[in-house]
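Visitor: Hi! Could you walk me through this model?
Guide: Happy to, here it is.

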Amino acid sequence: MKTTIIGGGLIGLFSAYYLKKNGHDVVIIEQSSGEDGCSFGNAGMVVPSHFIPLAVPGMIEKGIRWMFDAESPFYVKPRLNLDLLSWGMKFYKAANKKQVEEAMPALRDISLLSKSLYQELSKMKDFDFSFEEKGLMMLCKTNHTLEEEAIVAEQANLLGIKAKVLSQSELHTLEPEVRPEVAGAVFYEGDAHLYPNQLLAKLKEYLVQNGVEFLYNTEVKTIHLENNRVKSLDVWQESRSEIISVENLIIATGSWSQLLAKQLGINLPMQAGKGYSITAEQKNGKKLNIPSILLEARVAITPMSENLIRFGGTMEIGGINNHINMNRVKGIIKSVPQYFPDYQLETPAKEKVWYGLRPCSPDGLPYIGRSSNLSNVIIASGHAMMGLSLAPGTGHLVQQLVDNIPTSLNLKLYNPERYA
Ligand SMILES: Cc1cc2nc3c(=O)[nH]c(=O)nc-3n(C[C@H](O)[C@H](O)[C@H](O)COP(=O)(O)OP(=O)(O)OC[C@H]3O[C@@H](n4cnc5c(N)ncnc54)[C@H](O)[C@@H]3O)c2cc1C
């Protein structure tokens with residue numbers, strides 16, 4: 001049976017990977033040329049440490065304070081938009097202790113599943129994607145942040161995710177380039193990182209060699225239903241319209257998923273969370289070793305692939321558009337020397353700034369599961385800040401759903417129809 005995947009980002013490609021490995025015919029439909037997008041320029045962190053969803057108590061208040069700072073890491077563009085208002089209400093409702101406590105083990109489990117699949121993949125011959133297991137440091141400039149982060153570290157250890165609070169001197173031994181005044185860090189030794197662009201290239205190479213068909217520059221416009229199934233897709237390819245028939249369908253369209261889900265009668269609340277990244281050469285003699293998150297600034301730094309280093313950050317909930325806000329890019333650039341004095345980055349020209357749209361569900365959990373009404377539809381989307389981390393696990397679960405076999409994890413909390 002042929003499976004059609006809409007979306008050629010990490011979630012689509014990993015779904016294709018596990019389906020192909022299990023003997024399926026697969027076609028991927030992607031509206032862009034497949035050379036850029038959220039899955040490419042991200043920070044490349046594989047993060048079991050991120051077991052707390054974005055919607056937590058206190059986040060709304062923090063977000064409101066940040067809205068008045070042009071360079072802040074989090075921003076919701078105020079606009080009269082029903083989808084945004086409804087998403088905001090759902091975010092608010094999800095940000096409670098009970099829901100967060102339920103979400104944490106679920107996020108841990110899919111993260112650990114994914115990490116083990118990355119470990120497996122990294123051992124494959126000719127499949128190098130610069131996967132390294134060096135851990136992740138949550139750097140805290142102030143004692144106040146360090147105290148807050150130490151509480152998170154305690155929760156992590158209770159969940160079986162190793163976290164160690166590092167004093168200033170321990171931090172210096174691990175990463176000598178850190179500014180001496182930085183108060184300390186929490187070190188998550190089980191985190192890993194990789195070079196996303198290389199991973200995507202390798203995945204695509206594998207898929208092409210193994211007969212997966214790619215339809216690039218092809219946008220799915222309309223989904224046709226018949227007898228509780230998706231029957232066919234209306235696609236636009238180079239301004240020509242075409243009808244493609246469908247046996248199994250996977251919706252892996254990231255931030256755009258709400259639009260297609262609507263055609264299937266599924267309410268899939270989603271907001272695009274724009275983030276920016278800058279990739280530079282590492283400084284000779286001043287190389288950073290371990291990926292870190294500058295906690296006060298919410299900036300991620302990843303030394304990746306030999307001599308490259310990537311700086312990523314901001315979360316702008318502002319709709320699907322390609323507008324670059326240079327103030328926020330400058331916010332990222334300014335924050336780095338506050339932790340690493342020798343990393344004074346040049347501000348890139350606006351047209352050189354990379355941005356990606358993170359697909360954000362209101363409760364911070366992905367949508368992974370079958371449609372209850374349409375027998376041949378699976379949704380895999382809404383991975384927000386963790387799509388790279390969770391992609392192999394998601395792809396593996398999608399394959400199990402397609403094969404109608406028991407899934408490795410309980411998917412109850414990921415139900416794509418939880419807002420039906
Ligand atoms: C600055 C930044 C840093 C990040 N760092 C990390 C990190 O360190 N670790 C981590 O785990 N995650 C990180 N992320 C998040 C991660 O990049 C995303 O969660 C992930 O890329 C989402 O993958 P996806 O496949 O769901 O979506 P996408 O990569 O957006 O892919 C969806 C694809 O669907 C296509 N599409 C949409 N509609 C249609 C249609 N109608 N027809 C055909 N094609 C369609 C789109 O063109 C797109 O290519 C970061 C994100 C940003 C912005």
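Visitor: What should I know before we start?
Guide: This is a predicted model, where local features need pLDDT of at least 70, side-chain atom pairs count only at pLDDT 80 or more, and totals for chains, interfaces and linings use all residues. Residues are numbered from 1 along each chain as its sequence is written, and side-chain values use heavy atoms, with hydrogens and water left out.

Visitor: Okay, the ligand. Which residues come nearest to it?
Guide: Glu30, Ser39, Met45, Ala384 and Ser389 come nearest, out of 35 residues around the ligand. A residue counts as near if one of its heavy atoms lies within 4 Å of the molecule.

Visitor: What does the side chain of Glu30 do there?
Guide: An N or O atom in the Glu30 side chain is 2.6 Å from an oxygen atom of the ligand.

Visitor: How much of the ligand's accessible area does the protein cover?
Guide: On its own the ligand has 1000 Å² of accessible area, and the protein covers 95% of that. Accessible areas come from the Shrake-Rupley method with a 1.4 Å probe; for residues, only the protein chains shown count as cover.

Visitor: Which helices and strands supply the shell?
Guide: At least two residues each come from helix H1 (10-21), strand S10 (218-226), strand S14 (271-281), strand S18 (354-360) and helix H10 (387-402). S18 gives the most, with 4 residues. Helices (H or I, at least four residues) and strands (E, at least two) are DSSP runs, numbered from the N terminus.

Visitor: How do the shell residues divide by type?
Guide: There are 18 nonpolar, 14 polar and 3 charged residues in the shell around the ligand. Here Ala, Val, Leu, Ile, Met, Phe, Trp, Tyr, Cys and Pro count as nonpolar, Asp, Glu, Lys and Arg as charged, and the others, Gly among them, as polar.

Visitor: Since S14 came up, is Gln271 buried or exposed?
Guide: Gln271, found in strand S14, counts as buried because its relative accessibility is 6%. The cut-offs are under 20% for buried, over 50% for exposed and in between for partly exposed (1.4 Å probe, protein chains only). The Gln271 side chain also makes a polar contact with the side chain of Arg79 at 3.1 Å.

Visitor: Switching topic: how many salt bridges are there?
Guide: The count comes to 17, where a salt bridge is a side-chain nitrogen of Lys or Arg within 4 Å of a carboxyl oxygen of Asp or Glu.

Visitor: What does Asp363 pair with?
Guide: Asp363 forms a salt bridge with Arg418, with the closest N and O atoms 2.7 Å apart. Asp363 lies in the loop between S18 and strand S19 (367-370) and Arg418 in the segment after H10, so the pair ties together parts that are 55 residues apart in sequence. Asp363 counts as buried at 6% relative accessibility, and Arg418 as partly exposed at 23%.

Visitor: Last one: which residues make the nonpolar surface patch of about 410 Å²?
Guide: Leu80, Leu82 and Leu85 make that patch. Patches are made of residues with over 30% relative accessible area and no salt bridge: like charges are joined within 9 Å, nonpolar side chains (Val, Leu, Ile, Met, Phe, Trp, Tyr) within 5 Å. Leu82 lies in helix H3 (residues 82-94) and counts as exposed at 71% relative accessibility.

Definitions and conventions:
Polar contact = N/O pair within 3.5 Å; in protein donor to acceptor, adjacent residues only side chain to side chain.
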